[in-house]
Amino acid sequence: MKIWRIGALGACTLFALHGCVTNNPSRGIADDGTSAQRIVFPAISHDPALRKPGRAVVREKLGLIRTGMHKDQVVALLGTPQFDEGIAGVREWDYRLDFKSGGGLTTCQYKLLFDADYRVGSMRWLPADCGVFLE
């Protein structure tokens, strides 16, 4: 009976941790986090009922993100990533950011690629011209 309980506990633990394991949609991220064979941004629903709101970020905080920063430092500035990246072994984080522009909102996606030590190796934007909001 004890063996069954241990097995059941182990199975439940694995199931619970499933969302915490690696989920890197991009492929071939370099050890230094500067490039990938294929960059994949998460899909954003265009259906207003399913669309997650973007995060309003203080531009000054976003401008402080630098290569070499550890994940903890990124969280202190931007908060946790908004998509289902997981925790363990994750080498990329994605954020959906809304910027006020021209009387409306511009939605941008911001991806951080991490090196093998989980420090920021590079940052990417979708669309690519969203970096203009940091100027």
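**Entry 1. Strand pairing**

Two strands pair if DSSP finds at least two bridges between them. The model is a predicted one, in which local features need pLDDT of at least 70 and side-chain atom pairs count only at pLDDT 80 or more, while totals for chains, interfaces and linings use all residues. Residues are numbered from 1 along each chain as its sequence is written, and side-chain values use heavy atoms, with hydrogens and water left out.

I noted that K100 has L105 of strand 2 as its bridge partner. The hairpin of strand 1 and strand 2 has two residues between the strands, and G102 takes a positive phi near 55° there.

I then turned to strand 2 and strand 3, which are also antiparallel and are joined by six bridges. Here F114 has V120 of strand 3 as its bridge partner, and K111 stands opposite R124 in strand 3.

**Entry 2**

I looked up Y118 in the loop between strand 2 and strand 3. The hairpin of these strands has five residues between them. Y118 is not a glycine, yet it has a positive phi of about 65°. Most residues other than glycine have a negative phi, and most peptide bonds are trans. Y118 is partly exposed, with a relative accessible area of 28%; I used "buried" for under 20% relative accessible area, "exposed" for over 50% and "partly exposed" for in between (1.4 Å probe, protein chains only).

I also checked the peptide bond between L126 and P127, which is cis, with omega about -10°. P127 is in the segment after strand 3.

I looked up F114 in strand 2. F114 counts as buried, at 0% relative accessibility. Leaving aside neighbours within four places in sequence, F114 is in contact (heavy atoms within 4.5 Å) with residues including I29, A30, G33, K71, W93 and V120. I recorded that F114 and T67 are 47 residues apart in sequence and 8.8 Å apart in space, C-alpha to C-alpha.

I looked next at Q109, which also lies in strand 2. Q109 is buried, with a relative accessible area of 7%. Its side chain reaches the backbone oxygen of P42 at 3.0 Å. I applied the polar contact definition: a pair of N or O atoms within 3.5 Å, where within protein one must be able to donate a hydrogen and the other to accept it, and residues adjacent in sequence count only if both atoms are side-chain atoms. Not counting residues up to four places away in sequence, Q109 touches F41, P42, I44, F83, Y95, R124, W125 and L126.

**Entry 2. The nonpolar core**

Which residues touch the most other members of the largest nonpolar core? I found V74, L78 and Y110 among its 20 residues. Such a core is a set of buried Ala, Val, Leu, Ile, Met, Phe, Trp, Tyr and Cys residues joined through side-chain atoms within 4.5 Å. At least two residues of this core come from each of helix 3 (71-78), strand 1 (92-101), strand 2 (104-114) and strand 3 (120-126).

I listed the residues that Y110 touches, among them F41, L62, I65, L78, W93, M123 and W125, not counting residues up to four places away in sequence.

**Entry 3. Helix 3**

I found K71, V74, L77 and L78 to be the buried residues of helix 3. Seen down the helix axis, these residues fall within an arc of 125°, so they line one face of helix 3. The arc is that of the directions from the helix axis to the C-beta atoms. D72 and A76 are exposed on the other side of helix 3. The cover over the buried residues includes helix 2 (59-62), strand 1, strand 2 and strand 3. Just after helix 3, G79 takes a positive phi of about 85°.

**Entry 4. The whole chain**

I noted three helices and three strands in the chain, running α-α-α-β-β-β from the N terminus on. Buried residues make up 32% of the 135 residues. Of the contacts with a separation of 6 or more, 56% are between residues 24 or more positions apart. The chain exposes about 8,400 Å², of which carbon and sulfur atoms supply 61%; accessible areas come from the Shrake-Rupley method with a 1.4 Å probe, and for residues only the protein chains shown count as cover.

Terms used: Helix = DSSP H or I, 4+ residues; strand = E, 2+ residues; numbered from the N terminus.
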